[in-house]
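Okay, everyone, thanks for coming. Let me put the structure up, and then I'll walk you through a few parts of it.

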Amino acid sequence: MAEVTIRVSQGTAEHAEEKSYRVPVATGMVVLDAIHYIQSHFAPDLAVRWNCKAAKCGSCSAEVNGKPRLMCKTRLDDFAAGEEIVVYPIKTFPRIKDLVTDVSWNYKVNQRIVPFSPRKDAKWTMHQPDMDRVQEFRKCIECFLCQDVCHVLRNHELKDRFAGPRFFVRVAGLEMHPLDGASRIAYLRQEAGIGLCNITKCCTEVCPEEIHITDNAIIPLKERVVDEYFDPLTRLFRMFGGK
Amino acid sequence: MEGFETHEQDVLVIGAGGAGLRAAIEATSQGVSVGLVCKSLLGKAHTVMAEGGVAAAMANVDKQDNWQVHFKDTMLGGKMLNNWRMAQLHAQQAPDRVRELEQWGALFDRTPDGNILQRAFGGHTCNRLCHVGDRTGLEMIRTLQDRAVHQKVPVYMECTVTHLFKAGERACGVLAYWREQGRFVVFLAKAIILATGGVGKAFRITSNSWEYTSDGLGMAYNIGAQLMDMEFVQFHPTGMVWPPGVKGLLVTEAVRGEGGRLTNKKGERFMERYDPKRMELSTRDQVSRAIYTEVKEGRGSEHGGVYLDVSHLDAESVKKKLPSMYHQFKELADVDITKQPMEVGPTTHYMMGGLRVDAETTATTVPGLFAAGEVAAGMHGGNRLGGNSLSDLLVFGRLAGLHAAEFAKKNREQPRFSDAEVQGATRKLLEPFERTEGPSPYEIHEELQDTMQNLVGIMRIEEDLKKALEKLQELRKKLRSVRVTGSRLYNPGWHLAYDLNNLLNTSEAITRSALTRQESRGAHTRLDYPKTDPEWGKVNHIISKDGEEMRISRSPLPLMPPELQKLFEESH
């Protein structure tokens with residue numbers, strides 16, 4: 001039976017090292033299968049998050065050969081024969097152990113977003129064409145790969161000033177909900193720091209749900225912020241409208 | 001001796017899938033303090049994987065639909081073994097629960113006139129499933145999750161509950177450990193809601209995640225709660241069969257709801273022979289048996305399944321209505337479902353049996369302990385209809401939250417349990433670390449999965465079931481010497497070593513019930529008793545702990561009132 005060499009970064013935030021394993025390959029096998037094989041045969045305490053194994057829950061995010069990916073969707077036969085596979089935890093969040101990182105910061109950011117607030121006059125009929133673009137944002141499985149790859153978070157570590165692509169997607173889903181009546185524009189500009197994003201589209205590239213994060217969520221939200229704060233007509237209107 | 005972090009709430013909810021979240025939301029709005037404990041990160045529970053839809057008689061597509069029709073479909077699907085009152089409450093309340101989700105921000109697919117769109121599904125006589133493409137569960141869990149978060153429900157993530165404790169007769173607290181650090185934590189509560197799901201991980205081929213280890217069933221059984229109808233395990237007809245790594249992964253029933261056809265290797269639409277009237281939209285028990293039979297008799301597909309085909313449908317509409325199936329097959333199996341057939345076969349999916357509960361309040365037989373969702377029995381009888389699980393979670397999750405809150409308000413004092421009990425439990429949890437030799441938990445788990453898969457699967461026979469019981473005893477012995485290596489820090493091997501206790505208890509309950517029920521009904525098929533026996537249709541199986549023994553008894557089905565009975569007379 002064919003075998004593949006997998007190197008897994010194991011350990012804690014204080015000390016980690018790569019360990020190498022030989023894993024037999026079956027047709028259609030994915031990296032997560034290989035990690036499970038390592039668990040049951042060589043390293044029973046190897047820490048990894050996973051749930052659905054079908055790219056629906058977003059638990060098994062990792063960096064495979066340097067690329068942020070879901071391990072359940074990364075097939076071993078995507079790699080060249082003889083190529084080593086190297087698995088690291090996602091880098092942007094502190095490591096707890098092995099492939100498991102502390103992503104609790106994301107849950108804290110989420111709590112700060114004004115929830116869906118239906119307009120008082122909502123009739124609860126909605127038409128599919130109005131919903132199509134919002135449903136795209138609702139596909140997010142919270143794998144946090146976009147957060148992982150975003151350089152504002154990854155390289156500049158601006159977690160205290162920037163919410164990250166995942167939460168721009170959430171806000172876009174709320175702001176563009178046909179029946180929502182709240183405004184999150186001030187939040188986007190100040191607390192969520194949307195201005196820090198310089199639309200390099202790294203988030204869009206890694207999204208396993210193929211959400212057009214930059215084009216469909218972030219850019220329209222940036223435009224709304226600009227309209228609200230910098231458009232002279234809107235400002236004039238606000239001055240006299242008392243808002 | 002290790003000190004314990006302790007939390008105290010009026011209502012503690014264990015499990016953060018649809019039922020647990022809905023229960024926590026309801027209890028919070030009743031004005032009591034609530035805590036929500038879950039094994040994974042929030043939003044990753046199994047509900048997220050539900051695909052096809054949530055069943056509710058809203059009559060947006062089929063005007064003749066109403067709660068009576070939904071009730072009748074549910075009872076007939078469950079082979080009349082359902083608790084009629086649960087099925088009635090479910091059918092009556094499901095539409096309000098779905099509307100409520102929409103008011104909390106959920107976005108279901110729409111009809112041309114702007115209402116919630118409803119699709120056809122097996123065993124439902126009307127187009128009844130409200131859906132979002134084939135990712136309905138994600139929409140539902142995200143909506144509930146955001147609602148609970150903004151209600152400020154404290155959520156204890158990646159925290160596994162291992163023991164329930166009682167003071168006198170009343171359940172009043174739990175022991176848990178933080179998966180991250182392996183530290184123990186105690187939660188005290190005036191009422192506890194179990195929303196811990198099912199037992200799929202006892203079987204080899206399953207659509208369920210690692211979380212499905214029947215923790216709630218095992219823990220509640222240990223403190224004296226009664227289990228019911230444990231022989232009824234649903235094998236979903238369509239799981240992936242190829243490649244090996246994805247074997248068992250769910251292929252939503254919505255594929256058939258949208259017009260998918262099942263064929264064998266000769267190209268025959270074989271459902272004509274098993275259920276000519278409903279064909280592919282027959283109930284799951286029937287379709288699973290049909291597929292099993294086709295494969296067994298040599299008419300299966302290349303990799304031991306059958307074909308499920310949507311290539312005759314418009315490719316763009318397939319991608320729109322079944323986007324995750326399209327991607328799942330394309331990425332994991334190199335199959336373009338708009339052009340080629342899928343290969344599918346039965347996969348362990350859902351537990352109809354579970355904790356015996358009161359229909360109105362979801363109270364288990366232990367005071368202060370409530371149960372909702374898959375962990376509870378009764379609602380689905382001998383076979384669950386697709387789409388009835390998501391609605392079950394919402395309806396009974398809410399009722400559990402409501403009644404647990406009421407219970408907590410009526411019983412204001414917090415009962416205490418002894419420190420010695422907690423110490424005893426933690427000692428047991430840590431024992432596997434002390435051994436220098438012994439089998440690995442993974443090895444025992446694999447043996448258990450093979451045993452249940454091969455001997456207690458879709459088709460059962462006395463000889464196999466007896467063999468399974470012997471094997472389970474052997475595995476119990478083996479588990480007593482299980483060895484765990486490494487530290488307590490995020491250690492999946494250690495976690496599994498304890499989960500196996502619950503898996504073994506539940507597996508034994510399934511096997512004993514299956515052995516005792518000498519008939520075939522719904523999801524329970526006995527090769528040696530192929531007929532449905534009307535006498536068995538009058539009773540539920542009750543399982544309880546009697547010392548170290550498992551006791552099985554029968555309890556007559558609750559009597560359906562005449563006005564509901566009439567619904568069935570009209571059609572026959």
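Chain A has ten helices and seven strands; those are DSSP runs numbered from the N terminus, helices being H or I of at least four residues and strands E of at least two. Keep in mind this is a predicted model: local features need pLDDT of at least 70, side-chain atom pairs count only at 80 or more, and totals for chains, interfaces and linings use all residues. Residues are numbered from 1 along each chain as its sequence is written, while chains are lettered from A and ligands numbered from 1 in the order in which they are written.

Of the 243 residues of chain A, 47% count as buried, meaning 20 or more other C-beta atoms within 10 Å of their own; exposed is 12 or fewer, partly exposed is in between, and C-beta atoms are placed from the backbone.

Now, the interface. 43 residues of chain A are in contact with 47 of chain B, contact being C-beta atoms, placed from the backbone, within 7 Å. On chain A's side, H1, E6, H2 and H3 each supply at least two residues, and H3(A) gives the most, with five.

Over to chain B, and helix H14, residues 462–479. Which residues are buried there? They're B:Asp464, B:Leu465, B:Ala468, B:Lys471, B:Leu472, B:Leu475 and B:Leu479. They sit on the same side of H14(B), because they cover an arc of only 120° around the axis, taken from the directions from the axis to the C-beta atoms. Their packing partners are H13, E17 and H15 of chain B. On the other side, B:Glu463, B:Glu470, B:Gln473 and B:Lys477 are exposed.

Terms used: Two residues are in contact if their C-beta atoms, placed from the backbone, lie within 7 Å. The expected span of a helix is 1.5 Å times one less than its number of residues.
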